[in-house]
Amino acid sequence: MIKNDLFLRALRGETVSRPPVWMMRQAGRYLPEFMAIREKYDFFTRCQTPELASEITVQPIRRYGMDAAILFSDILVIPQAMGIEVQMKPDFGPYLPHPIRSKKEVDAIRVPDAAEALDYVMQAIRMTKEKLADEVPLIGFAGSPWTILCYCVQGQGSKSFDKAKALCFSDPRAAHALLQKITDTTIDYLKAKVRAGVDAVQVFDSWGGMLSPEDYQEFSWHYIQQIIDALKEDTEVIVFGKGCWFALGEMAKSGASAIGIDWTCSARNARYLTGGKITLQGNFDPARLLSPPDEITRRVTEMIRAFGKDRYIANLGHGILPNIPLENARAFVDAVKNFKE
Ligand code: CP3
C-alpha cells in the first residue's frame, strides 16, 4: 500500500484533509541536481537509461516532497517506437528529420509491440517504484494522438502547426489513419506502464487548443476517448488539454478520473463547465512562480479556496518554466501542504 495516498484519494473523489500537490514537468529543468546529470548525458540517453530516468524522477520528491512523482521520459518516445526518427536538439527542441506528409508515408508506419519497443521505460518504472518505496504514487504519461501527430507531421515545434493542420484538412483519411496508429500504440504503451507499476496515467494534449471546437472533436477528442475507454478499468486517467476549455463538458463525461485545467480558465468556470462533481487539477500560471514567495503562498491559498479542497489536485496550469527560483517552487508546494480550511 502507498503511504501517502492523498493523490489517489483525490482522484477517487474522496474527502481529504488537504489537496495533494505536484507540478507538471517537475522532473528536471529548474533543479541543479538535474542540470548536473544533463551536463553529462544527452536527452534520449537520460530517457533510455533506467538508472538515470528513475534518479531524475525522484529528485523533486526528495527536495520538495510532492504528493506524486511523474516518470522522467518524453511523449516523443511513441513516434520513436513507431520507427520515426526523433532528435532533441539543444536550444531548439524536438526535430524529426523525416516528417510524415502523405498517406503512403502513414501506411508505411508500423504499430509496434510497445512493451517490447519501450522496455527501457518499463525498467525505469520498476526501478523508480523501488526508489519511491511506496512513499508516494507514480504517474505515467503519454501525449494525446493529436499532439503526437503535430510533431510527426510538422517535424518540429511550431506556433501554428500549419503543416499538421494541412494534412488533417487536405487529406483527412491519411490524418485519421495516422491518429489511429498512434492511438493503438499509445493504448498498448499505457497498459504496459500500468503493468510495470504506475499508479495513474496522464494524457497531455498540449496542442489541443490549436484546433477549433469542431475540429477538436474529430481530430483529438475522438482518440483521447478511445484511450480513456481502454484504460479506465486498469487505472486512474487524467486528461490535460491546454487551451481546451471548450471541451471540458465532454471531458467530464468521459470516464476520466480527473481533468487538468490551464490558467486561462477560472476555477469557477472550470467547475461550472465540468458539472461540479469531477476532480480537477491545476491551474497556477507557471509564470506566477516568478512572484515573490509570500505572494505565491497567498495566491495558492486563494486558488485552493476557489477550487475547493476536495476533488482537487493542486498543480500548475502547464509545465514549470526553467528559470524558476528554487525557493519559489518550494513556496508553491508548501502553500498546499500547509493549507488549512
Ligand atoms: O516532469 C517531467 O518533466 C517529466 C518528464 C517530461 C518531459 N517531457 C521531459 C523533458 C514530460 C511529462 C514531458 C512531456 C512533453 N514533452 C510534452 C507535454 C507536456 C507539455 O509541456 O506540454 C511535450 C509537448 C513534449 C515535447 C518536448 N520535449 C518539447 C517541446 C521539448 C523541448 C522544450 C522543453 O520542454 O524543454 C522537450 C524536451 C524535454 N522533455 C526536456 C525535458 C526535461 C528538456 C530537454 C532536456 O532536458 O535536455
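1. In this predicted model, the axes of helix H2 (residues 32–40) and helix H4 (residues 50–64) come within 9 Å of each other and cross at roughly 160°. Because angles over 145 degrees count as roughly antiparallel, H2 is roughly antiparallel to H4, and the crossing of the two helices is right-handed.

2. The contact between these helices is formed on the H2 side by Pro32, Glu33, Phe34 and Ile37, which meet Leu52, Glu55, Ile56, Gln59 and Arg63 in H4. Sorted by class, the contact of H2 with H4 comprises five nonpolar, one polar and three charged residues.

3. The ligand is surrounded by 22 residues, of which the closest are Arg25, Arg29, Asp74, Ser206 and His318.

4. Two points of backbone geometry deserve a look in the model. Most residues other than glycine have a negative phi, and most peptide bonds are trans. Arg29, one of the residues closest to the ligand, has a positive phi, near 60°, and is placed in the loop between helix H1 (6–11) and H2.

5. The other point concerns the peptide bond that joins Gly282 and Asn283, which is cis, with an omega of about -15°; Asn283 is found in strand S8 (residues 279–284).

Terms used. Residues are numbered from 1 along each chain as its sequence is written. This is a predicted model: local features need pLDDT of at least 70, side-chain atom pairs count only at pLDDT 80 or more; totals for chains, interfaces and linings use all residues. Side-chain values use heavy atoms; hydrogens and water are left out. Axes are lines fitted to C-alpha atoms, for helices over the stretch in contact, and angles run from 0 to 180 degrees between N-to-C directions. Helices (H or I, at least four residues) and strands (E, at least two) are DSSP runs, numbered from the N terminus. Angles under 35 degrees count as roughly parallel, over 145 as roughly antiparallel, 65 to 115 as roughly perpendicular and the rest as oblique. A crossing is left-handed if the near helix is turned anticlockwise from the far one by less than a right angle, and right-handed if clockwise. Contact means heavy atoms within 4.5 Å. Ala, Val, Leu, Ile, Met, Phe, Trp, Tyr, Cys and Pro count as nonpolar, Asp, Glu, Lys and Arg as charged, and the others, Gly among them, as polar. A residue is near a molecule or strand if one of its heavy atoms lies within 4 Å of it.
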